[in-house]
Amino acid sequence: MGTGEQASVYWTREAVRSVELGDLRAAVTAATRALVADPGNVEALNLRATARERAGDRTGAVQDAGEGLDLAPGNVALLNTRSWALSGLGRYEEARADSSRALGLAPESAFSRATMARAEGGLGRLAEMLDSLREAARLDRRFAPSLDAALSLPRDRDTELLFQGGLFGRPPARPVGR
């Protein structure tokens, strides 16, 4: 492993740690340093996209995830991250397309089901949103509170409320569980 690759691995680990600690500014900085050392580091692109999305920079998150998908078109974590950010921008059809691609690659991905639920909710497809949330909760019990919240939400409410704040999970910090 060359010096650039070693530096990229180091900074990627620092980005993971920073995301886990919630230090989003440090995560973006570390992921950027990893990318300077190795521009093809897809994990670093996903980490930076995740940190940007969590910090509210959804446009930057979409851009980073898109760059990663140019390098690794079948990366489920990047598809999920971009889908989540696209939904945050109100671009639900695009988000749904990314979620559909992710589910085609990893049908047992609970988070892909959750990103699909967010897109479906944004499109006003409440029955489909609930079906996706049920499947996410079946695959991973951590999504059960989100399903319960969705089932108790009045039908005339904005479903995006389910996916903001602490009510719902966030995209994974790095590509896992493909």
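Author: In this predicted model, helix α8 has 14 residues, which at 1.5 Å a residue should span 20 Å; the C-alpha atoms at its ends are 20 Å apart, in agreement with that expectation. The buried residues of α8 are M129, L130, S132, L133, A136 and A137. Around the axis they cover an arc of only 160 degrees, which means that they lie on the same side of α8.

By the criterion applied here, the count comes to 3 aromatic pairs. W84 and F111 are both buried.

F111 takes part in a further pair, with F143: their ring centres are 6.3 Å apart and their planes are at 45 degrees, so this pair too is tilted. Whereas F111 lies in helix α7, F143 lies in the loop between α8 (126-139) and α9 (144-152), so the contact ties together parts that are 32 residues apart in sequence. F143 is buried, as is F111. Through these ring pairs W84, F111 and F143 are linked into a cluster. W84 has a charged neighbour as well: R118 lies over the face of its ring, at 4.4 Å from the ring centre.

A similar description can be given for helix α2. This helix (residues 24-37) has 14 residues and reaches 20 Å from its first C-alpha to its last, close to the 20 Å expected at 1.5 Å a residue. Its buried residues include L24, A27, A30, A31, A34 and L35. These residues cover an arc of only 140 degrees around the axis, which places them on the same side of α2. On the other side of α2, R25 and V36 are exposed. The buried residues of α2 pack against α1 (3-21) and α3 (42-54).

Helix α1 contains Y10. Y10 is partly exposed, with a relative accessible area of 43%. Y10 and A30 are 20 residues apart in sequence, yet their C-alpha atoms are 8.9 Å apart in space. Elsewhere, R33 lies over the face of W11, at 4.8 Å from the ring centre.

A word on confidence is in order. The mean pLDDT of the protein is 89, and 88% of its residues reach 70 or more. Over residues 169-178, however, the pLDDT is below 50, although this stretch has 32 contacts in the model beyond near neighbours in sequence. Where pLDDT is low, the predicted coordinates should not be read in detail.

Conventions. Residues numbered from 1 in each chain as written. Predicted model: local features only at pLDDT ≥ 70, side-chain atom pairs only at ≥ 80, totals over all residues. Heavy atoms only, no water. Phe/Tyr/Trp six-rings, centres within 6.5 Å; stacked < 30°, edge-to-face > 60°. Buried < 20%, exposed > 50% of the residue type's maximum accessible area, 1.4 Å probe, protein only. Helix = DSSP H or I, 4+ residues; strand = E, 2+ residues; numbered from the N terminus. Lys NZ or Arg CZ within 6 Å of the ring centre and 35° of its normal. Expected span 1.5 Å × (residues − 1). Arc of directions from axis to C-beta. pLDDT = per-residue confidence, 0-100. Contact = heavy atoms within 4.5 Å.
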